[in-house]
Structure formats: structure tokens, C-alpha cells
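Subject: Structure handover

Hi,

Here is the structure you asked for. My notes follow below it.

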Amino acid sequence: MRVTAGRPGALLGALVMALHRLEGAGARARRAIRGLALAGRFAARGDNFTFDPDGVYTCETIEVGHNVDLGYRPILMAARARIRIGDNVMFGPEVTIRGGNHRIDQVGVPMIAVGKKPGDDSHDRGVTIGDDVWVGTRAVILHGVTIGRGAVIGAGAVVTRSVPPYAVAAGNPARVIRLRWSLETIQDHERQLYPSERRLTSAELAGLAELPVPEPRPAPVTKSLTSGLQAR
């Protein structure tokens, strides 16, 4: 059966618009109620926390800091492990974070039936995301991963290994492409945002020294210089 949509008459059109507005108001009310119900279930949450009520969350295993936006319809799941998200973090749409894992090493037992002992950290590792991180659209972050402070995760990346602070990682599996800035700029950024006791240590900075840095941008040509060249 096919439905042909013609142009409705004035009365029918007004009725359709009224029903559409009513449906939208009902959906907004449902989302607001679900959001209020979910917010109190997170293990911890800071101020200015934004999340989509239609996402999927194992709330009791998720800790979220201040000024965090989890984006549109994320999936954050960890049955026994913890998902910890720092301050000033933003997600693109449909990010997936999966803490924990399934055992595949037992002979003679279907994988779905393999049990895990409490405290089995080798199979139930969590995920930690540091402060000031941006996770791109549909990125997937798997168990045991730590995303360092200031890192950027590209859209569609599948992150199976930890990402250093201020690194840009992308791909499947994700790899570090470069640092966001030079080490000198990273240190300046840290001085402006964090007290001395919270800044990266010398050892942590040394660990970043081997990673590629962005190519310096050429200095813009000034108007006076351009005019001088044209005059020759």
C-alpha cells in the first residue's frame, strides 16, 4: 500500500499542525522527565552537566565532572568497571564508551555463559577521560583506555589504546597523529588553566617529546610589505 501526500486543505492543514505541535510538546515533556530521572542516578556529576536523555547509560558506574556535554545519543556502558570523565569535556553525536569486556578464553563454554569473578580487573577495566577533551562523532572508546588531558579524538575513531595528553588521535584502530601544539605552547596553556600542582610533570612532558607537532604556520604578509612588493 502506498500513501500519496497531497496538499491538505486549510482546515486539515491547521489540524495537522496542531497535532504536530502537541506531539512535539509531548516528546519534550517525556525527555525532560526521563532526564530528571536519570540525572540523579549517575555515580557522580558536576555542575553544568548536559546529556541526552535518549542516550544509553549504566548511570551507577559513570562519574562526570564539571562543564561536560555528552552529545547526542551516546552509549556509555560499564557493568562492573567505571567510566570517569573529567571537567570541560565535549562529545560529538553518538559516541560509544564501553567499559568491561567478555572472556573468550574458556574451552567448552559458550562465550555468553562465561562468568567473571568480582574484581577481575583484566577483563573488567574501565575508561578514564581527562579534562579538556573533545571526542568526535561516532568515536568508540574501549575498556582499559585512558584519554589524556587536552586530547582530541577524531570522528569515527576506534580507540583501543590510551592516548597521551594533548594528542590528536584518529583512525581504526586509532593512532596518535600529532600533538595539538608544541611543548612550549602546551606548557603555556597549562600555566593559564591549572595551578602548579595540577600541571603536567616534567616526566609527563618528556613523554610527549617524541610525538610530532603541528607545522608552524607562515606569518601573514603585512599590507605595507605587499604594497612595497607591488611598487617594485
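A salt bridge here is a side-chain nitrogen of Lys or Arg within 4 Å of a carboxyl oxygen of Asp or Glu. This is a predicted model: local features need pLDDT of at least 70, side-chain atom pairs count only at pLDDT 80 or more, and totals for chains, interfaces and linings use all residues. Residues are numbered from 1 along each chain as its sequence is written, and side-chain values use heavy atoms, with hydrogens and water left out.

Salt bridges

The whole structure holds nine salt bridges. Asp131 pairs with Arg198, with the closest N and O atoms 2.6 Å apart. Asp131 sits in the loop between strand 9 (127-129) and strand 10 (134-135), and Arg198 in the loop between helix 2 and helix 3, so the pair ties together parts 67 residues apart in sequence. Helices (H or I, at least four residues) and strands (E, at least two) are DSSP runs, numbered from the N terminus. Asp131 is buried at 11% relative accessible area; Arg198 is partly exposed at 37%. Buried means under 20%, exposed over 50%, partly exposed in between (1.4 Å probe, protein chains only).

Glu190 bonds to Arg149 in a salt bridge, closest N and O atoms 2.8 Å apart. Glu190 lies in helix 2 and Arg149 in the loop between strand 12 (146-147) and strand 13 (152-153), so this pair links parts 41 residues apart in sequence. Glu190 is buried at 2%, and Arg149 is buried at 14%. Shared partners also join Glu63, Arg82 and Arg84 into one salt-bridge network.

Helix 2

Which residues of helix 2 (183-193) are buried? They are Ile186, His189 and Glu190. The buried residues pack against strand 16 (175-179) and helix 3 (202-208), where contact means heavy atoms within 4.5 Å.

Five strands form an open sheet in the order 2-5-8-11-14, with parallel pairing. Its edge strands are strand 2 (56-57) and strand 14 (158-159), each pairing on one side only. Two strands pair if DSSP finds at least two bridges between them. Strand 5 (75-77) and strand 8 (96-98) run parallel, joined by three bridges. Met77 stands opposite Arg98 in strand 8.

Best wishes
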